[in-house]
Amino acid sequence: MHNSKTIADLISLKGRTALVTGAAMGIGRAISERLAEAGADLMLVDVNAEALAEAASEISSTFGRKVTQHVVDLSRREQIEALWNEIGDNPPDILVNNAGIYQSRDFLEVDEALLERTMAVNLKSVFYMCQHMIKHREKQGGNIINVSSVEAVLHLVRGLVHYGISKIGVLALTRALAREYGPKGFRVNAVMPGGIKTPGADRMRNEALKRLDFGFLLTGASFLRRVPLGRLGEPDEVARVVLFLASDLSSYVNGAVIAVDGGFLTD
Ligand SMILES: NC(=O)c1ccc[n+]([C@@H]2O[C@H](COP(=O)([O-])OP(=O)(O)OC[C@H]3O[C@@H](n4cnc5c(N)ncnc54)[C@H](O)[C@@H]3O)[C@@H](O)[C@H]2O)c1
């Protein structure tokens with residue numbers, strides 16, 4: 001064999017800790033499960049205390065890993081500071097910035113509160129989380145994975161202009177940090193999910209149905225028509241790509257943006 005490490009060695013996260021944001025449900029929950037299965041201990045962060053407690057206890061009992069829970073509203077900078085104070089001298093090896101919100105609203109009706117909240121959760125929190133991670137691990141390096149969206153580079157779903165601008169910021173941040181901190185032993189990559197079946201996506205569709213927003217519903221249908229694989233994705237299909245980026249399987253991947261979209265962006 002040419003390589004001394006087996007695939008099992010390369011994918012293993014034994015002895016490593018991963019912090020996942022938005023871990024209580026959807027894509028973040030699926031990511032947490034796969035990282036735990038690969039052997040990582042977890043720090044799970046979410047604003048929804050009840051769902052977080054349920055996820056943490058199910059994951060720790062299924063995979064036998066150490067799992068800590070941290071109830072944090074990532075839109076609040078002081079809560080992010082408090083989280084890293086609590087983490088102290090035990091920063092995670094892997095940081096997955098997954099938490100995000102996407103409330104659809106016509107561009108002309110987006111007010112300051114929605115724009116501020118979207119930018120705070122989707123972009124500013126990722127900025128601050130990366131800042132803390134790099135400060136805490138300046139000597140050892142680390143691995144950061146940011147969750148963006150295909151909406152960052154190809155706007156299609158009506159009413160998500162404010163969301164798209166937050167998610168393209170995540171790509172700029174990812175690529176800039178990959179370049180600035182690669183020399184210090186950090187790998188920083190992003191995934192861009194397409195349409196994935198999650199509680200958040202269901203909520204957005206149901207709200208559009210309730211207000212009879214046919215514009216939104218029509219673009220939703222054409223979104224699906226444009227996906228070469230002809231279906232929505234499962235949260236676990238994103239989680240498996242995040243696992244690849246989190247593990248040494250991807251040891252030479254840095255500054256990459258991987259679409260997990262069934263081919264949507266080829267159109
Ligand atoms: N589902 C999709 O189709 C899709 C597509 C592209 C990108 N994404 C991105 O994937 C990520 C996860 O999306 P999802 O569909 O799983 O969402 P979801 O709404 O199903 O789950 C998001 C989780 O993040 C948590 N969260 C929300 N705001 C928070 C805050 N202020 N502080 C802490 N936690 C918070 C929620 O409580 C929830 O547990 C998001 O960044 C989203 O933008 C999703």
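Trainee: In which loop does Leu212 lie?

Mentor: Happy to start there, and keep in mind that this model is predicted. Helix H7 covers 199-210 and helix H8 covers 214-225. Leu212 falls in the loop between H7 and H8.

Trainee: Does Leu212 count as buried or exposed?

Mentor: Let's count neighbours: Leu212 has 8 C-beta neighbours inside 10 Å. The cut-off for exposed is 12 or fewer. With 8, Leu212 therefore counts as exposed.

Trainee: Turning to the sheet, which strands stand at its edges, and why is one side of each left without a neighbour?

Mentor: The open sheet has 7 strands with parallel pairing, in the order E3-E2-E1-E4-E5-E6-E7. Each edge strand has a single partner strand, so one side of it has no neighbour in the sheet. Those edge strands are E3 (67-71) and E7 (257-260).

Trainee: Which residue of E3 stands opposite Leu44?

Mentor: Good one to check in the viewer. Strand E2 (residues 41-46) runs parallel to E3, and 5 bridges join the two. Opposite Leu44 stands Gln69.

Trainee: What angle does the direction of helix H2 make with that of E1?

Mentor: Helix H2 (residues 26-37) packs on the sheet. The strands touched by H2 are E1 (17-21), E2, E4 (94-97), E5 (142-147) and E6 (186-193). Against the direction of E1, that of H2 makes about 170°.

Methods. Residues are numbered from 1 along each chain as its sequence is written. This is a predicted model: local features need pLDDT of at least 70, side-chain atom pairs count only at pLDDT 80 or more; totals for chains, interfaces and linings use all residues. Two strands pair if DSSP finds at least two bridges between them. Helices (H or I, at least four residues) and strands (E, at least two) are DSSP runs, numbered from the N terminus. Two residues are in contact if their C-beta atoms, placed from the backbone, lie within 7 Å. Axes are lines fitted to C-alpha atoms, for helices over the stretch in contact, and angles run from 0 to 180 degrees between N-to-C directions. A residue is buried if 20 or more other C-beta atoms lie within 10 Å of its own, exposed if 12 or fewer, and partly exposed in between; C-beta atoms are placed from the backbone.
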